[in-house]
Amino acid sequence: MAQDSAPYGLTQRLIAEVFGTFTLVFGVIGTALYASDNTGFLGVALAAGLAVLAAAYTVGHISGGHFNPAVTVGAAAAGRMPWRDVLPYIVAQLVGGLVATTLLFAIAANGPDGFLSAAQEGGFASTGFDNLSPDGFGLIAVLLVEFILTAVFLYVILGVTAPGSTTAGFAPLAIGLALVLIHLVAIPVSNASVNPARSVATAVYGGTDALAQVWVFLVFPILGALVAGFTYRMLFAERRAVAAGAPRRR
């Protein structure tokens, strides 16, 4: 949720990020692998929103509830967390995501005959363009949707968790619903990342094409988050200070 988590030590916050990212990736990718034949894109989108909602209410008060390297970078760019904590958070998120897909791989390996090989041949729910895009979208479409939707996601997060916000208690709900909307738009185009940890976690088991394309889902969500974080800070931080009665800086 990108909130202040100062009362908790770094180790506690990193454990919370591992748990939250694990919950998000396990829920989304588990639904994509095991249930999407019955639920379609809507089921996967709802899984993303429900997973982040549950994880944010559970440990968001401990770590800020990022569960996503792009959110961490955007929060730092907006001045919501120190840059020195960015790398440890990202490592924790990558660990959480990889543990999730490793366990999903183990479950699939004990599935019906041919289930695991079919999942891997299909990219193991990896994000991508061209042959890895669910509807065959190309690179430009994918990088645009990942950049734009990550920036939108960061604006939602930064807005609903802003100091003095009257909706702070409902922040996980707003963030979860925003993630559902983002997935409904992005799944047909890129299979919906807006989260480098999610993309790395599936690419590891998705084959050579998924690994070759994962750079898109490292670079463009991070760029979108940086743009959102810096512009949100520039556009709205001063106005909040004035509204609260603080003097303008000259």
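Author: This is a predicted model, in which local features need pLDDT of at least 70, side-chain atom pairs count only at pLDDT 80 or more, and totals for chains, interfaces and linings use all residues. Residues are numbered from 1 along each chain as its sequence is written, and side-chain values use heavy atoms, with hydrogens and water left out.

Reader: How many helices and strands does the protein have, and what makes a stretch count as one?

Author: The protein has nine helices and zero strands. Helices (H or I, at least four residues) and strands (E, at least two) are DSSP runs, numbered from the N terminus. Along the sequence the pattern reads α-α-α-α-α-α-α-α-α.

Reader: How do you know whether the radius of gyration agrees with a compact globule?

Author: The radius is taken over C-alpha atoms, and the globule rule is 2.2 Å times the number of residues to the power 0.38. For 250 residues a compact globule would have a radius near 18 Å; the protein has 18 Å, so the two agree. The C-alpha trace spans about 65 × 35 × 30 Å along its principal axes.

Reader: Why is Val 180 called buried?

Author: Buried means under 20% relative accessible area, exposed means over 50%, and partly exposed is in between (1.4 Å probe, protein chains only). Val 180 has 12% relative accessibility, so Val 180 counts as buried. Val 180 is found in helix α7. Of the 250 residues of the protein, 50% count as buried.

Reader: Which residues does Val 180 contact, leaving aside its neighbours within four places in sequence?

Author: Contact means heavy atoms within 4.5 Å. With those neighbours left aside, Val 180 is in contact with Ala 45, Leu 46 and Gly 49. In the protein, 77% of the contacts with a separation of 6 or more are between residues 24 or more positions apart.

Reader: Phe 41 is in helix α2. Is Phe 41 buried, partly exposed or exposed, and why?

Author: Its relative accessible area is 38%, so Phe 41 is partly exposed. Apart from neighbours within four places in sequence, Phe 41 is in contact with Pro 134, Ile 187 and Pro 188. Phe 41 and His 183 are 142 residues apart in sequence, and their C-alpha atoms are 8.1 Å apart in space.

Reader: What class does Asp 209 get, and why?

Author: Asp 209 has 39% relative accessibility and therefore counts as partly exposed. Asp 209 is found in helix α9 (residues 208-243). With neighbours within four places in sequence left aside, Asp 209 is in contact with Asn 131 and Leu 132. The C-alpha atoms of Asp 209 and Phe 129 are separated by 9.7 Å, and these residues are 80 apart along the chain.

Reader: What makes the phi of Phe 67 worth a remark?

Author: Most residues other than glycine have a negative phi. Phe 67 is not a glycine, yet has a positive phi of about 60 degrees. Phe 67 lies in the loop between α2 and α3 (69-77), and is buried because its relative accessible area is 1%. Asp 130 also is not a glycine and has a positive phi, of about 55 degrees. Asp 130 lies in the loop between α5 and α6, and counts as partly exposed because its relative accessibility is 42%.

Reader: Which residues line the largest cavity, and what classes do they fall into?

Author: The largest cavity has 22 lining residues, and Leu 24, Asn 68, Phe 153, Leu 179 and Asn 195 lie nearest its centre. The elements giving two or more residues to this lining are α1, α2, α6 (139-160) and α7. Ala, Val, Leu, Ile, Met, Phe, Trp, Tyr, Cys and Pro count as nonpolar, Asp, Glu, Lys and Arg as charged, and the others, Gly among them, as polar. On that basis the lining of the largest cavity divides into 15 nonpolar, six polar and one charged.

Reader: What is the volume of the largest pocket, and which residues lie nearest its centre?

Author: The largest pocket holds about 450 Å³ of space. Its lining has 26 residues, with Ala 32, Ser 36, Gly 122, Ala 125 and Asn 191 nearest the centre. By class, the lining of the largest pocket has 16 nonpolar, eight polar and two charged residues.

Key: 1 Å grid on protein atoms, 1.4 Å probe; cavity = no way out; pocket = protein on both sides within 12 Å on 5 of 7 lines; lining within 4 Å. Points joined across faces, edges and corners; volume = space filled by probe spheres on them.
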